[in-house]
Amino acid sequence: MPTEPLSQKEIEDRLRELPGWSLTDDRITRTYRLGDHFAATALVVHVARIQQELNHHSDLTLGYNTVAVSVNTHSAGGVITEKDFELAERVEAVAPGHGAG
């Protein structure tokens with residue numbers, strides 16, 4: 001998968017396809033709210049598995065009933081690339097199964 005930086009317009013266009021995600025500094029981010037701590041922890045484990053499959057890792061922050069995801073592509077110098085959006089889309093696909101909103 002290419003690790004070329006996306007343009008500002010490409011990032012904005014892609015974010016429109018991912019409600020709840022936003023651009024924060026040089027990262028795309030989202031915070032999910034879940035029913036309880038166990039559900040939040042289960043989502044973190046599921047995201048970790050996806051990250052291993054993609055060999056692309058975000059920063060995950062586990063709260064009592066929240067999970068914050070923040071990602072950019074370190075191997076491309078800390079810019080946002082297609083890899084970041086692939087990860088975000090995969091997280092979006094599994095989050096509802098954990099009751100995330």
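This report describes the sheet and the helices of one predicted protein model.

The model is predicted: local features need pLDDT of at least 70, side-chain atom pairs count only at pLDDT 80 or more, and totals for chains, interfaces and linings use all residues. Residues are numbered from 1 along each chain as its sequence is written, and side-chain values use heavy atoms, with hydrogens and water left out.

**The sheet**

Helices (H or I, at least four residues) and strands (E, at least two) are DSSP runs, numbered from the N terminus. Four strands make up an open sheet, ordered S1-S2-S4-S3, with antiparallel pairing; two strands pair if DSSP finds at least two bridges between them. Strand S1 (22–24) and strand S3 (59–62) are the edge strands, each pairing on one side only. Neighbouring strands are turned by 30 degrees against each other on average, direction ignored. Axes are lines fitted to C-alpha atoms, for helices over the stretch in contact, and angles run from 0 to 180 degrees between N-to-C directions. S1 is joined to strand S2 (residues 27–33) by 3 bridges, and Ser22 has Thr29 in S2 as its bridge partner.

**Two helices**

In H2, Ala39, Ala40, Leu43, Val44, Val47, Ile50, Gln51 and Leu54 are buried, that is, under 20% relative accessible area, where exposed is over 50% and partly exposed lies in between (1.4 Å probe, protein chains only). These residues cover an arc of only 140 degrees around the axis, which puts them on the same side of H2; the arc is that of the directions from the helix axis to the C-beta atoms. An α-helix has 3.6 residues a turn, so residues three or four places apart point the same way. Phe38, Arg49, Gln52 and Glu53 are exposed on the other side of H2. The cover over the buried residues of H2 includes S2, S3, S4 and H3, where contact means heavy atoms within 4.5 Å.

Just after H2, Asn55 has a positive phi of about 55 degrees.
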